[in-house]
Amino acid sequence: MKGEVVDAFFMYPGIYPMFFLFVFLTFDWFFKIKYGEKIKLTLAILTIGTILINYIIKLIF
């Protein structure tokens, strides 16, 4: 809420893919998009992958 975008990314990198996923899900709820299912799947995989990679990196270091 303070506008510290870079600090938020370093603290939790999964926040931005998750944000884009939720925005797309909301947008898709009201407007049907042609390749919506593929985009949702891609954003979900990207979000989960980012969270898992971040967890593994923090676990190692």
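This is a predicted model: local features need pLDDT of at least 70, side-chain atom pairs count only at pLDDT 80 or more; totals for chains, interfaces and linings use all residues.
**Entry 1: the F27 and F31 rings**

I started at F27, which is partly exposed because its relative accessible area is 44%. My scale here: buried is under 20% relative accessible area, exposed is over 50%, and partly exposed is in between, with a 1.4 Å probe and protein chains only. F31 also comes out partly exposed, at 49%.

Residues are numbered from 1 along each chain as its sequence is written, and side-chain values use heavy atoms, with hydrogens and water left out.

Next I looked up ring pairs, meaning rings of Phe, Tyr and Trp (its six-membered ring) with centres within 6.5 Å; planes under 30 degrees apart are stacked, over 60 edge-to-face, the rest tilted. How many aromatic pairs are there by this rule? I got four. One of them joins F27 and F31: the ring centres are 5.1 Å apart and the planes sit at 45°, so I put this pair down as tilted. I also found F9, F10 and Y16 joined into a cluster by ring pairs.

**Entry 2: salt bridges around K40**

I then went after salt bridges (a side-chain nitrogen of Lys or Arg within 4 Å of a carboxyl oxygen of Asp or Glu). The structure has two. In one, K40 meets D28, with the closest N and O atoms 3.0 Å apart. That pair links distant parts of the chain, twelve residues apart: K40 is in helix 3 (residues 36–60) and D28 in helix 2 (residues 15–30). For the record, helices are DSSP runs of H or I, at least four residues, numbered from the N terminus.

Are K40 and D28 buried or exposed? I find both buried.

K40 also bridges to E37, at 3.1 Å from N to O. These two are both in helix 3, three residues apart, or about one turn of the helix. E37 is exposed because its relative accessible area is 60%. Put together, D28, E37 and K40 form a network of salt bridges.

**Entry 3: T47**

Last stop, T47, also in helix 3. T47 counts as buried because its relative accessibility is 5%. Where does the side chain of T47 reach? I traced it to the backbone oxygen of L43, at 2.7 Å.

I also checked contacts (heavy atoms within 4.5 Å). Setting aside neighbours within four places in sequence, T47 touches G14, P17, M18 and L21.

Note on methods: A polar contact is a pair of N or O atoms within 3.5 Å; within protein, one must be able to donate a hydrogen and the other to accept it, and residues adjacent in sequence count only if both atoms are side-chain atoms.
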